[in-house]
Amino acid sequence: MLSANLQNSRISDTLLRGAFDSVPSHIAIVAMSGLIVMVNAAWKRFGVNNGGPSCGIGEGLDYLKIANRTQEGARVGKALEQALAGGAEIFTEEYPCHSLHEERWFKCTISTFQMNSERFAVVRHDDITQQHNNIAEIRNKSLELQRMNEDLQWLQGIIPTCSYCRRIRNDAGAWHEL
(Lines give C-alpha, C1' and ligand atoms only; values in the text may rest on other atoms or scores of the structure.)
Protein backbone atom coordinates (compact mmCIF):
# COMPACT_ATOMS: atom_id res chain seq x y z
CA MET A 1 0.00 0.00 0.00
CA LEU A 2 1.36 3.43 -0.97
CA SER A 3 1.71 6.06 1.69
CA ALA A 4 -0.85 8.88 1.64
CA ASN A 5 1.84 11.45 0.79
CA LEU A 6 3.12 9.43 -2.15
CA GLN A 7 -0.42 8.85 -3.42
CA ASN A 8 -1.19 12.57 -3.07
CA SER A 9 2.04 13.40 -4.89
CA ARG A 10 1.14 11.12 -7.81
CA ILE A 11 -2.39 12.51 -7.94
CA SER A 12 -0.99 16.06 -7.92
CA ASP A 13 1.48 15.21 -10.70
CA THR A 14 -1.30 13.62 -12.76
CA LEU A 15 -3.60 16.55 -12.10
CA LEU A 16 -0.97 19.11 -13.07
CA ARG A 17 0.00 17.17 -16.20
CA GLY A 18 -3.65 16.89 -17.21
CA ALA A 19 -4.16 20.63 -16.70
CA PHE A 20 -0.95 21.45 -18.60
CA ASP A 21 -1.97 19.24 -21.52
CA SER A 22 -5.51 20.65 -21.62
CA VAL A 23 -4.29 24.17 -22.51
CA PRO A 24 -4.75 24.78 -26.26
CA SER A 25 -1.69 27.06 -26.48
CA HIS A 26 1.60 25.44 -27.48
CA ILE A 27 3.64 25.59 -24.26
CA ALA A 28 7.23 24.69 -23.42
CA ILE A 29 9.13 25.12 -20.18
CA VAL A 30 12.74 26.07 -20.83
CA ALA A 31 15.65 25.86 -18.36
CA MET A 32 18.36 28.51 -17.95
CA SER A 33 20.59 26.52 -20.30
CA GLY A 34 18.02 26.86 -23.08
CA LEU A 35 17.03 23.19 -22.94
CA ILE A 36 13.34 22.37 -23.20
CA VAL A 37 12.42 20.45 -20.05
CA MET A 38 8.69 20.00 -20.68
CA VAL A 39 6.13 20.57 -23.43
CA ASN A 40 2.37 20.17 -23.42
CA ALA A 41 0.22 18.03 -25.71
CA ALA A 42 -0.63 20.98 -28.01
CA TRP A 43 3.11 21.60 -28.56
CA LYS A 44 3.64 17.93 -29.43
CA ARG A 45 0.63 17.88 -31.81
CA PHE A 46 1.89 20.99 -33.57
CA GLY A 47 5.28 19.36 -34.04
CA VAL A 48 3.79 16.16 -35.45
CA ASN A 49 1.41 18.11 -37.73
CA ASN A 50 4.31 20.18 -39.06
CA GLY A 51 6.93 17.64 -39.93
CA GLY A 52 6.86 15.00 -37.26
CA PRO A 53 9.49 14.15 -34.67
CA SER A 54 12.27 14.78 -37.20
CA CYS A 55 11.45 18.52 -37.22
CA GLY A 56 12.75 18.38 -33.66
CA ILE A 57 11.53 20.86 -31.11
CA GLY A 58 10.65 18.90 -28.01
CA GLU A 59 11.88 17.92 -24.58
CA GLY A 60 15.66 17.73 -24.28
CA LEU A 61 16.32 19.96 -27.29
CA ASP A 62 17.98 23.38 -27.24
CA TYR A 63 15.24 25.95 -27.81
CA LEU A 64 17.74 28.78 -28.35
CA LYS A 65 19.61 26.87 -31.07
CA ILE A 66 16.36 26.03 -32.86
CA ALA A 67 14.97 29.56 -32.50
CA ASN A 68 18.03 31.09 -34.15
CA ARG A 69 17.32 29.25 -37.42
CA THR A 70 14.93 31.99 -38.60
CA GLN A 71 14.81 35.78 -38.33
CA GLU A 72 11.54 35.70 -36.36
CA GLY A 73 12.84 32.93 -34.15
CA ALA A 74 16.05 34.85 -33.45
CA ARG A 75 14.04 37.73 -31.92
CA VAL A 76 12.19 35.24 -29.70
CA GLY A 77 15.48 33.49 -28.87
CA LYS A 78 17.12 36.77 -27.85
CA ALA A 79 14.13 37.67 -25.66
CA LEU A 80 14.24 34.20 -24.10
CA GLU A 81 17.95 34.54 -23.33
CA GLN A 82 17.33 37.92 -21.70
CA ALA A 83 14.38 36.57 -19.68
CA LEU A 84 16.39 33.58 -18.45
CA ALA A 85 19.26 35.89 -17.51
CA GLY A 86 16.90 37.89 -15.30
CA GLY A 87 15.79 40.54 -17.78
CA ALA A 88 12.22 41.31 -18.74
CA GLU A 89 9.78 39.06 -16.91
CA ILE A 90 7.23 39.06 -19.75
CA PHE A 91 7.83 39.34 -23.50
CA THR A 92 5.37 39.12 -26.39
CA GLU A 93 5.99 38.97 -30.12
CA GLU A 94 3.71 38.35 -33.08
CA TYR A 95 5.30 36.57 -36.00
CA PRO A 96 4.47 34.72 -39.23
CA CYS A 97 4.85 30.94 -39.23
CA HIS A 98 3.60 29.93 -42.65
CA SER A 99 3.36 26.32 -43.73
CA LEU A 100 3.44 24.98 -47.26
CA HIS A 101 -0.37 25.02 -47.34
CA GLU A 102 -1.40 28.15 -45.45
CA GLU A 103 -0.34 31.47 -44.04
CA ARG A 104 -0.33 31.41 -40.25
CA TRP A 105 0.44 33.95 -37.55
CA PHE A 106 1.37 33.30 -33.94
CA LYS A 107 1.88 35.29 -30.78
CA CYS A 108 4.72 34.19 -28.54
CA THR A 109 4.58 35.06 -24.84
CA ILE A 110 7.53 34.39 -22.56
CA SER A 111 7.21 34.57 -18.79
CA THR A 112 9.63 33.41 -16.11
CA PHE A 113 9.60 31.79 -12.70
CA GLN A 114 12.12 30.63 -10.12
CA MET A 115 12.32 27.14 -8.69
CA ASN A 116 14.93 26.73 -6.00
CA SER A 117 17.87 28.72 -7.38
CA GLU A 118 17.17 28.10 -11.07
CA ARG A 119 15.21 30.35 -13.40
CA PHE A 120 12.82 28.86 -15.96
CA ALA A 121 10.82 30.34 -18.79
CA VAL A 122 7.37 29.40 -19.98
CA VAL A 123 7.24 29.89 -23.74
CA ARG A 124 3.69 30.00 -25.09
CA HIS A 125 2.73 30.19 -28.76
CA ASP A 126 -0.89 31.04 -29.65
CA ASP A 127 -2.34 30.81 -33.15
CA ILE A 128 -3.63 34.29 -33.98
CA THR A 129 -4.18 33.67 -37.68
CA GLN A 130 -7.92 34.42 -37.49
CA GLN A 131 -7.36 37.71 -35.65
CA HIS A 132 -4.60 38.65 -38.09
CA ASN A 133 -6.87 37.88 -41.05
CA ASN A 134 -9.75 39.85 -39.48
CA ILE A 135 -7.52 42.89 -39.03
CA ALA A 136 -6.29 42.62 -42.62
CA GLU A 137 -9.89 42.37 -43.85
CA ILE A 138 -10.91 45.44 -41.83
CA ARG A 139 -7.96 47.39 -43.28
CA ASN A 140 -8.95 46.34 -46.81
CA LYS A 141 -12.59 47.32 -46.23
CA SER A 142 -11.49 50.64 -44.76
CA LEU A 143 -9.36 51.37 -47.84
CA GLU A 144 -12.24 50.36 -50.10
CA LEU A 145 -14.62 52.70 -48.24
CA GLN A 146 -12.06 55.49 -48.39
CA ARG A 147 -11.74 55.07 -52.18
CA MET A 148 -15.54 54.99 -52.56
CA ASN A 149 -15.80 58.15 -50.47
CA GLU A 150 -13.17 59.86 -52.62
CA ASP A 151 -15.09 58.79 -55.76
CA LEU A 152 -18.32 60.15 -54.28
CA GLN A 153 -16.65 63.43 -53.39
CA TRP A 154 -15.34 63.70 -56.94
CA LEU A 155 -18.78 62.92 -58.41
CA GLN A 156 -20.43 65.47 -56.14
CA GLY A 157 -18.01 68.03 -57.53
CA ILE A 158 -19.20 67.47 -61.11
CA ILE A 159 -22.82 66.37 -60.61
CA PRO A 160 -25.24 68.85 -59.02
CA THR A 161 -26.27 67.20 -55.74
CA CYS A 162 -28.61 68.48 -53.04
CA SER A 163 -26.68 68.45 -49.77
CA TYR A 164 -29.92 68.00 -47.78
CA CYS A 165 -31.79 65.20 -49.60
CA ARG A 166 -28.88 63.79 -51.67
CA ARG A 167 -30.87 63.97 -54.91
CA ILE A 168 -29.12 64.76 -58.16
CA ARG A 169 -30.24 67.26 -60.80
CA ASN A 170 -30.22 66.27 -64.46
CA ASP A 171 -29.50 68.58 -67.39
CA ALA A 172 -33.22 69.45 -67.67
CA GLY A 173 -33.24 70.68 -64.05
CA ALA A 174 -35.29 67.77 -62.60
CA TRP A 175 -34.21 66.22 -59.28
CA HIS A 176 -33.85 62.41 -59.00
CA GLU A 177 -33.16 59.94 -56.19
CA LEU A 178 -29.56 58.82 -56.07
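Which residues does Glu 93 touch, not counting residues up to four places away in sequence? The legends below begin with an overview and then answer this.

**Figure 1. Overview of the predicted model.** This is a predicted model, in which local features need pLDDT of at least 70 and side-chain atom pairs count only at pLDDT 80 or more, whereas totals for chains, interfaces and linings use all residues. Residues are numbered from 1 along each chain as its sequence is written, and side-chain values use heavy atoms, with hydrogens and water left out. The protein chain holds 5 helices and 7 strands, which follow one another from the N terminus as α-β-β-α-α-α-β-β-β-α-β-β; helices (H or I, at least four residues) and strands (E, at least two) are DSSP runs, numbered from the N terminus. Of the 178 residues in the protein chain, 26% are buried, where buried means under 20% relative accessible area, exposed over 50%, and partly exposed in between (1.4 Å probe, protein chains only).

Figure 2. Glu 93 lies in strand β3 (residues 90-96) and is buried, with a relative accessible area of 17%. Leaving aside residues up to four places away in sequence, Glu 93 touches Arg 75, Val 76, Phe 106, Lys 107 and Cys 108, a contact being heavy atoms within 4.5 Å. The side chains of Glu 93 and Arg 75 make a polar contact at 2.9 Å; such a contact is a pair of N or O atoms within 3.5 Å, and within protein one must be able to donate a hydrogen and the other to accept it, while residues adjacent in sequence count only if both atoms are side-chain atoms. Cys 108, one of the residues touched by Glu 93, is itself buried at 0% relative accessibility.

**Figure 3. Aromatic pairs.** Across the whole structure, a search finds 4 aromatic pairs; rings of Phe, Tyr and Trp (its six-membered ring) pair if their centres lie within 6.5 Å, and planes under 30 degrees apart count as stacked, over 60 as edge-to-face and the rest as tilted. Among them, Trp 43 and Tyr 63 form a tilted pair, with 6.2 Å centre to centre and 45° between the planes. This pair links Trp 43 in helix α2 (residues 41-49) with Tyr 63 in helix α3 (residues 63-67), 20 residues apart. Trp 43 is buried, with a relative accessible area of 6%, and Tyr 63 is buried, with 5%.

**Figure 4. The ring cluster that includes Tyr 95 and Phe 106****.** Tyr 95 and Phe 106 form a stacked pair, 6.1 Å centre to centre and with 25° between the planes. Tyr 95 lies in strand β3 and Phe 106 in strand β4 (residues 105-115), so the pair ties together parts that are 11 residues apart in sequence.
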